[in-house]
Amino acid sequence: MEFAIISTLNGVTYGLLLFMVSAGLTLIFGMMGVLNFAHASFYMLGAYVAYAVSSIFGFWTGLLVAPIVVGLVGMAVERFLLPRVHAHGHAHELLLTFGLALIIEELIKLFFGDFPVNYQMPGELRFSAFHIFGTDYPFYRLFIGGIAVVMFSALWLLLTRTRTGIVVRAAERLPAMAEALGHNIPLVFMFVFGTGAALAGLAGAVAGAFYPTNPNMGLELGVIVFVVVVVGGLGSLKGSLVASLMIGLFSSFAVGLDWSLANLLGLFGLGDWARSVGGLLTLELSSVSATIPFALMLIILLVRPAGLMGERN
Amino acid sequence: MPNLRTLLILAVLLVLLIAVPPFLGLGWQNALVNVLIASLFALAFNLLIGQAGLLSFGHAAYFGVGAFAALHLMLAVEDGLPFPTPLLPLAGAAAGLLVGLVAGYFATMRSGVYFALVTLAIAELFHSLAPRLEGLFGGESGVSSMRMPWQGFTFGSMIEVYYLTLAWVVICGLGLWAYTRTPFGRLTLALRDNEQRVRFLGYNAHASKVIIFAVSAMFTGVAGALQAISNETANYSLFGSIVSSQVVLQTFVGGATVFFGPVIGATAFALFSFLVSDLTRSWLLYQGLIFVLIMLYAPSGIGGVVHHHIRNRRQLDWARLAGPYLMALAGGLLITGGVVFLVESASVLFGEEYARLRHAAEGGLPAFDLFGAEWSPVSVLTWIIPAALLLGGIAVLIRARREIDTLWARKDPSDDTLAETAPLGGEA
């Protein structure tokens, strides 16, 4: 029971964090068809900008400045770099963002070194939210989840309840038609790209104070975020919320479970045979918890490439 | 077209590759082995992106599989299996082909971005599972073995390994080139340009793509096996995304549209990393910058630009172009100088050593050493130099480019009917 409740709480907060990063990625892909390899780098950039700013002006300023800076970087990328390669097709756009990801990672190593930096949450947030099963549950985990929920609600309201949201959704579905109706579509694209980047930057600024802030954080999260957007359906915001929670819960539960294929086969009396074969059959779930998401992504791509909630195949 | 001149150049290159290395030091021999392996890897990779139009982001999987297959065979040879050492890469080829057939069957069910994601997921599967499978991949420490002597060759010295690698790379390179001349090679190009039409003509597009994928994986496996033979060890990091991304970088910097383009990129990167990695810690940053600049300004890569010039060589007024080209070169050098200065001073100023110096100077900003001179970080002069280099370089480049464009526009237009057919091509 203790394991189940703690794992659920951790899984949901981690899932919400994943969602903050994947929301921007899936929004950008849905609108422009660009799979942005640099998106997780925006997340890392957010953490480092927040670290640099907060060491001088305090945590809250850092939290405010990081998404703005990262959003501006995103807009610059969309405005000045992507159009140059657009004529050569989506493959070149993807390769360009891939190169940018490399550059951002190396620049961060250049300025902040190869090792984790000491980016900490402020003292006023460092308390336990409640006492459960003899341990204190840190408030900051709930804070991360709360920020994600507020952000998602704001985004949802913006997209569904305002005129801007209608234009954005029109630009996503039929850009040429929306442009013919007199809307400035390039501007919309730039702002969507910037917003997506800013969300990733905000996620980095919030999460960097809790998880380690190091130059590998982008790469580590990046592959998981790809899994999330593919499983949820490229371009679907709702899908990526569901997939984020799924992956978050899975990864927090998997580390504590020692199930293996041999155990499963044991139910049919094949346990001893499986253990004698060894290899894949005796691997415990906890040790392959990093593998399962990729297997899931592979299955989704092959069986239903539109993902759980995507529309386009 | 394999005209006489191209053949002559290749022959001279081959003679140089055979004759020169015995006179080089061990470090250079080792670097050349790496160049050859990277070249074969990039050529095999380019079979997919350059010719079939499929962008794989997980070619590390087949490279690693080839390496581990060769190592397991080497271990068996150590235990007395009578298998000739020079034929070890066959194990890599077989493993690459097998895994490539399975992975390719699934990956080529999708195209475009989805294809890239499938290959990425497959490589990540290998990368995350390999450290857990002790028997196959030796856990976290990997598998190690020794090269066994065969027929008087001890394979103890680097030069013997070099010649073995050279032989395999030349044979495989010729094999890949011959592949492009076969009817199936033409079908590969057709699949890239218009898959629907290929299907309409009665070909089985999926089966063809599986074969292409498997062939690419097979030659990648050979490259992996050669690396295993040269290093005598491998671990799960061979499956990592760094290996996959390096080959993407090299191929596109070299030029995916020209057959030997990837070799240019692989050679440039492998040699540069050998020469520069001792001098700077920021080599990967320069690599990324070069890649992005190539993507932005010469999407067909170095090979593509050179090819474009060779094809138009008779229409161009070389005497008048020489001036602007030299100017462009000078501009490029100025910009390179400015960027290198900024990057290197940043790496000094934000490094640990300088932090200690600052601590010793009690909050002041002491001068730092760079390029054999001393620079003060608070002096204006220190920052005027790179700024002047950058601005000057950009101004010179813009001017040179304008002149080059006008001269190109004046060339004899009779050759324009042979316009680029490749979708990846096209440059200024």
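1. How many Å separate the centres of domain 1 of chain B and domain 2 of chain B, taken over C-alpha atoms? The answer is 36 Å. Domain 1 covers 21–296 and domain 2 covers 317–410 of chain B, with bounds that come from an automatic or database domain assignment.

2. Before going on, some housekeeping. This is a predicted model, where local features need pLDDT of at least 70, side-chain atom pairs count only at pLDDT 80 or more, and totals for chains, interfaces and linings use all residues. Residues are numbered from 1 along each chain as its sequence is written, while chains are lettered from A and ligands numbered from 1 in the order in which they are written.

3. How far can you trust it? The model scores ipTM 0.85 and pTM 0.86. Chain B has a mean pLDDT (the predictor's confidence in each residue, from 0 to 100) of 83, and 95% of its residues reach 70 or more. Within chain B, helix H10 (residues 205–231) has the highest confidence, at 92, and strand E4 (residues 373–375) the lowest, at a mean of 72. Over residues 415–428 of chain B the pLDDT is below 50, and that stretch has 23 contacts in the model beyond near neighbours in sequence.

4. Now look at the make-up of each chain. Chain A has 13 helices and two strands, and chain B has 17 helices and four strands. These are DSSP runs numbered from the N terminus: helices are H or I with at least four residues, strands are E with at least two. Buried residues make up 46% of the 313 residues in chain A and 38% of the 428 in chain B. A residue is buried if 20 or more other C-beta atoms (placed from the backbone) lie within 10 Å of its own, exposed if 12 or fewer, and partly exposed in between.

5. On overall size, the C-alpha trace of chain B spans about 70 × 65 × 45 Å along its principal axes. A compact globule of 428 residues would have a radius of gyration near 22 Å, and chain B agrees with its 24 Å. That radius is taken over C-alpha atoms, and the globule rule is 2.2 Å times the number of residues to the power 0.38.

6. Next, the place where the chains meet: 37 residues of chain A are in contact with 37 residues of chain B. Contact here means that the C-beta atoms of two residues, placed from the backbone, lie within 7 Å. On the chain A side, H4(A) gives the most, with 14 residues.

7. For chain A, the unreviewed UniProt entry lists "transmembrane region" at several places, including residues 47–73 and 94–112. Its positions are in the numbering used here, feature names are shortened, and annotations may be inferred rather than shown by experiment. Residues 47–73 are 96% helix and 0% strand, with end C-alpha atoms 14 Å apart. Residues 94–112 are 100% helix and 0% strand, with the ends 27 Å apart.

8. Finally, two spots in chain B. B:Gly58 sits in the loop between helix H2 (26–52) and helix H3 (60–78); B:Gly58 is buried because 25 other C-beta atoms lie within 10 Å. By contrast, helix H16 (residues 352–360) of chain B lies largely in the open, since the number buried among its nine residues is zero.
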